Structures are given as structure tokens and as C-alpha cells.
Amino acid sequence: MENIVVALREERIQVTVGKAGPRPSIRAAYSAPVKQAGPEGWAPVLAELWTAHGLPRKGVTLVLPDTAAAVRTISAPDMSEKQLVELVGHEMQGRDPDPVVADYVPLGRDSEGHLRLLCASCRREVLEGYLDLFREQGIALASVTVPLAGYLKLIRSMPEMAGQTCLWLCFEEASVLSVLIEDGAYRWSSRSRIFSEPGTLDFGTEIARNVSGTMQFQTTGRTGHSIGTVYLAGGDKDLLEVCRPGIEGLGLSVAPLPEQGPFRALPAGEALGDWLDCAGAMIR
């Protein structure tokens, strides 16, 4: 049985079809623009994608939009699974007056030996809206996740990232997600809006300023690790060349994200960096 992953993004929907696993393969990748983000804009595009490509309507994994989930890293003492779930739920509920649904991914341990957890939450009412969107299309969801959870799996499974201290810049329309990796492990991430026109000198300057801010943040951690390479994903080759001078001016190397990563196969002409949200969810 093939696995289907659908990612709802700001200005498009992406769908991948293939075999999930530790070294997955993607047989087909489909993408379509949406006129507006939200159920009204996504519904007709979902219907068109499923009809045009005859996609299965069961066992589908949904990757929520990045803006739909709150994400943070916390430390916790050793405790049972049930206690961890309760702790994460409490931490992510915070002062939000509306009920939230929360979950976590273990990241390892911090310098003091405490558990590090990447936690994500979504307001229950908002999540129900996404589930209703798929029910109305006759699509049965098997699981729901967030983009960053998939990125963590990619980092852990990419041999190229082992032992590296580097920065991923993942572009999506008018925003960029910065993911800081220290000694091969996830440390921090942040999304920023981009105000300059892609492909312009101002765009390259803005990205270099973003990277410089991350370098300053990383230095304050005093971990003894320094960023060596900035990997760009989700943009064309021209984007890389526009960003290169400013980033290299900071003393860093610039490269596209490895095209294959842990995947046994990708559709011809497709690069891993253009399908990160779906690809990460296919690593099991």
C-alpha cells in the first residue's frame, strides 16, 4: 500500500505518493496553487488534485500549515510517557483561553541531562476545521503532523548533516524558516517574513541580515560550535546566487540542500528541498 502525504501551504497544496519508511521513495509529486489560504481556498484545489490523479482516499497524512501550530522547545526531568503528555499539554496550553491539542518529539538531552522536547500545539477548534475540510472531501486522515517534526526526521536521517553545525533556510513564498543545527542535532528555528522582491539585491541583503542575526544568537549559546554552511531549500538556482555574496561575506559557505537525502527515489527533475513538508512526513 502506498502512502499519501498532503501539505497545506500558504499559496499552494503539495501532495506526494510513495513508500514511507527509514529510506522512503516518492513515486509522484503533485502541486497546485491556491487563490487564498484557508478552507474555502483549499477545498476546490484538493478536490481537483484527488480527481485529476485518482488518489486514494484512505490512510492520508496531513501536514498542517506552519502558521496553524505553535511550536516550542522545553526541558523536562525523567518521567513516564503519561506524565510527559500531561506536562506538554499544560505547557502548550499556557494562557490560551481556548483548548489546544498538543504533542511532542524527543530531541535528546540538554547539557544538564534533562530531556529536550520539541512541542507543538493547535487550537482544538482550528484543528477540527482542518479535519472537517478533509471529511467533506471524502478523504480519511490517518495522522496529522507539523512541518518542523518532519524536518527533524530529515536532519536525523541525512548522512550529510552528521556532526555539522549549519543553518537551513527554507523558503516559502514571502517567508523563510531558519533551522539551526548544532553538531548534527536540531537546536532552534524561527520563521521571518521577507519584504524584498525575490531575485533582487535587496532580497540577498535581507537574507544575509537574517543569517547574521542567527549567527549572533548561536554565538551567545557558547556551545563551542560555529555555523559553517547555510543550506537553501525551496528556491530556484537564481535565489541561491542572489543570496550567495551576502552569506559568503559573513564567512560562511552556501549550498543547496542535498537533493536526495535519505530518499531512495524522487520523481525525475524534483529536488528534495522543494518538497520538505511532504518528504519529512514520509520518514518513519
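**Reading helices and ring pairs**

Q: Let's start with helix α4 (residues 147–157): how many of its 11 residues are buried?
A: This is a predicted model, and in it eight of the 11 residues of α4 are buried, so the helix is largely enclosed by the rest of the structure. The buried ones are Pro-147, Leu-148, Ala-149, Gly-150, Tyr-151, Leu-152, Leu-154 and Ile-155.

Q: At what angle do helices α5 and α6 pack?
A: Two packed helices are described by the angle between their axes and the distance between the axes. Here α5 (residues 201–220) and α6 (residues 237–248) pack at about 55°, with axes 8 Å apart. That makes α5 oblique to α6. The crossing of α5 past α6 is right-handed.

Q: Which residues of α5 and α6 meet?
A: From α5 you have Phe-203, Gly-204, Ile-207, Ala-208 and Val-211, and they meet Leu-239, Val-242, Cys-243, Gly-246 and Ile-247 of α6. Sort the residues of this contact and you get eight nonpolar, two polar and no charged.

Q: How many aromatic pairs turn up in the whole structure?
A: Three. A pair of aromatic rings is described by the distance of the centres and the angle of the planes. Take Phe-171 and Phe-203: their pair is tilted, at 5.9 Å centre to centre and 35° between the planes. Phe-171 sits in strand β9 (residues 166–172) and Phe-203 in helix α5, so the pair ties together parts 32 residues apart in sequence.

Q: Are Phe-171 and Phe-203 buried or exposed?
A: Phe-171 counts as buried, at 7% relative accessibility, and Phe-203 is buried too, with a relative accessible area of 2%.

Key: Residues are numbered from 1 along each chain as its sequence is written. This is a predicted model: local features need pLDDT of at least 70, side-chain atom pairs count only at pLDDT 80 or more; totals for chains, interfaces and linings use all residues. Side-chain values use heavy atoms; hydrogens and water are left out. Axes are lines fitted to C-alpha atoms, for helices over the stretch in contact, and angles run from 0 to 180 degrees between N-to-C directions. Helices (H or I, at least four residues) and strands (E, at least two) are DSSP runs, numbered from the N terminus. Angles under 35 degrees count as roughly parallel, over 145 as roughly antiparallel, 65 to 115 as roughly perpendicular and the rest as oblique. A crossing is left-handed if the near helix is turned anticlockwise from the far one by less than a right angle, and right-handed if clockwise. Contact means heavy atoms within 4.5 Å. Ala, Val, Leu, Ile, Met, Phe, Trp, Tyr, Cys and Pro count as nonpolar, Asp, Glu, Lys and Arg as charged, and the others, Gly among them, as polar. Buried means under 20% relative accessible area, exposed over 50%, partly exposed in between (1.4 Å probe, protein chains only). Rings of Phe, Tyr and Trp (its six-membered ring) pair if their centres lie within 6.5 Å; planes under 30 degrees apart count as stacked, over 60 as edge-to-face and the rest as tilted.
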